[in-house]
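Reader: I am new to this structure. Please take me through one part of it closely, then show me what else the side chains do.

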Amino acid sequence: MALQRPKGTQDHLPDGSPKLTRDVQASAFTHVQDTARRVLERAGAQFIDTPLFEEAELVRRGVGGSTDIVRKEMFTVYYFGDHGGYVLRPEGTASIVRAYLQNGLKQLPAPLKLWTHGPMFRAENVQKGRLRQFHQVDYEVLGSTDPLVDAEAIWLMWEVVRELGLTGVRVKLGSIGDPTDREAYNAYLRDLFKPHEGRLSGDSQDRLIRNPMRILDSKSEGDQALIRELGVRPMLDFLGEEARAHFEMVQGYLRDWGVPFDIDPSIVRGLDYYRRTAWELHHEGVGAKSALGGGGRYDGLAAQLGGPEVPGIGWAFGIERLLLALEAEGMAFPGAEGPLLFLAAMDEENVGLAARVALQGRRVARVEFAYRALKPGNAFREADRRHARYAAVIGSDEAARGVLNIKNLNSGEGREVPLAELNAFLEQA
Ligand code: AMP
């Protein structure tokens, strides 16, 4: 058997491929990226791009040493003679905040809205909607603590979903408070779980020491059963006055703008530099345990990376998961369009001429040509296979007179167009 792609990766295929499904359709990816670009750029977000690999230390500090991502899922990059200090990026936020600090973007008007899309890498257990190379659309806002910025960020996610035509999406909203609120909550959790430590999974015993909040996020059934049994109080009960006021304001804006949401106390982003607003978007087509996307405020992150205090907030959609949701809702995509005109020569002497006419036409429209001489019947069949709208065959008569007989493949109508007027014809077609 020929060589295969690595586990947990996908090829994005052209329309018409025999093994095409929605989540690997290249034109569907482009459609999602273009939709996000339209929505985000109208809101003033600017595109930013960062390397696919970064210093491991950036990811360790930017994602958090106690997370599964850093502990178990990092792809380390080696080259010959290297110290192995690089990793493939598992997410976009740490890189964007690094780029903001390193390139003096603080001087741009605040709040600075940035967006990007691209591949992310996590060595996860592979299953539906959970890949090792997946793709995100990311939006990050730096330089504001205003709850209006939080609400706008959530609205933008909702707007991407709406523009894509998805209807079955739910927004789950929570708050993880300020660092002092979280300390109080972690102290509460430590006291609560300590007597039952032996029943926790190994990972969660570790979390009990490092960061008890992450126990609530555990994927272990046993941990979840214990959490239910103990009737753990939610983080929301521990919000201080300021964090509570902030949370109320975010909700107020969302209600005002008609973005539906449910308060979900189970949303925890247990890293030190996350603050206040946290949310996830869910869709049945992706499964209850997996989010379509999520976001949060991370006012402590820039300082964690060694920079000054810069408040920030951001979100990411998984593009594959958006595509699974679109598939589940039976959404059709416009496949890639065919050429406006397909040209073929009827004899070898005119193949070069057909090509030259096509190259001229490409200044204004998509024009393709046959690389060898074809009989008219075959030429029109080839044009049909490519979903062309018009086709023309060039023989010695057309070559001598400097004209094309252009056939409309929908109506069957033919029309003679002088070569000199081809581009005017294509522009109007
Ligand atoms: P996170 O950075 O973990 O908050 O993830 C943000 C979004 O990226 C998730 O809601 C998913 O849509 C997507 N995502 C995260 N991990 C994966 C994965 N392994 N495979 C596919 N999509 C993922």
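Author: Start with Ser 175. In this predicted model, Ser 175 belongs to strand β7, which covers residues 169-175. Is Ser 175 buried or exposed? Its relative accessible area is 3%. The cut-off for buried is under 20%, so Ser 175 is buried.

What does its side chain reach? The side chain of Ser 175 comes to 3.2 Å from the backbone nitrogen of Gly 177.

Next, the rings. The whole structure holds 11 aromatic pairs. One of them joins Tyr 188 and Phe 238. Their ring centres are 5.1 Å apart, and their planes meet at 40°. Stacked needs under 30 degrees and edge-to-face needs over 60, so this pair is tilted. The pair links distant parts of the chain, 50 residues apart. Tyr 188 sits in helix α6 (residues 179-193). Phe 238 sits in the loop between α8 (221-230) and α9 (241-256). Tyr 188 has 19% relative accessibility, so it counts as buried. Phe 238, at 18%, counts as buried too.

Tyr 253 and Trp 257 form a stacked pair. Their centres are 5.6 Å apart, with 25° between the planes. Tyr 253 is partly exposed at 24% relative accessibility. Trp 257 is partly exposed as well, with a relative accessible area of 34%. Elsewhere, ring pairs tie Tyr 139, Trp 315 and Phe 317 into a cluster.

Charges meet rings too. Tyr 188 returns here: Arg 233 lies over its face, 5.6 Å from the ring centre. The charged end of Arg 37 sits over the ring of Phe 47, 5.6 Å from that ring's centre.

Last, the ligand. Which residues come nearest to the ligand? Of the 14 residues around it, they are Arg 122, Glu 124, Leu 131, Gln 136 and Leu 292. A polar side-chain atom of Arg 122 is 2.8 Å from a ligand oxygen atom. A polar backbone atom of Leu 292 lies 3.0 Å from an oxygen atom of the ligand. Gly 318 places a backbone N or O atom 3.0 Å from a ligand oxygen. On its own, the ligand has 480 Å² of accessible area, and the protein covers 86% of that. Strands β6 (133-142) and β11 (312-318) each supply at least two residues of the shell around the ligand.

Notes:
Residues are numbered from 1 along each chain as its sequence is written. This is a predicted model: local features need pLDDT of at least 70, side-chain atom pairs count only at pLDDT 80 or more; totals for chains, interfaces and linings use all residues. Side-chain values use heavy atoms; hydrogens and water are left out. Helices (H or I, at least four residues) and strands (E, at least two) are DSSP runs, numbered from the N terminus. Buried means under 20% relative accessible area, exposed over 50%, partly exposed in between (1.4 Å probe, protein chains only). A polar contact is a pair of N or O atoms within 3.5 Å; within protein, one must be able to donate a hydrogen and the other to accept it, and residues adjacent in sequence count only if both atoms are side-chain atoms. Rings of Phe, Tyr and Trp (its six-membered ring) pair if their centres lie within 6.5 Å; planes under 30 degrees apart count as stacked, over 60 as edge-to-face and the rest as tilted. A charge sits over a ring if NZ of Lys or CZ of Arg is within 6 Å of the ring centre and within 35 degrees of the ring normal. A residue is near a molecule or strand if one of its heavy atoms lies within 4 Å of it. Accessible areas come from the Shrake-Rupley method with a 1.4 Å probe; for residues, only the protein chains shown count as cover.
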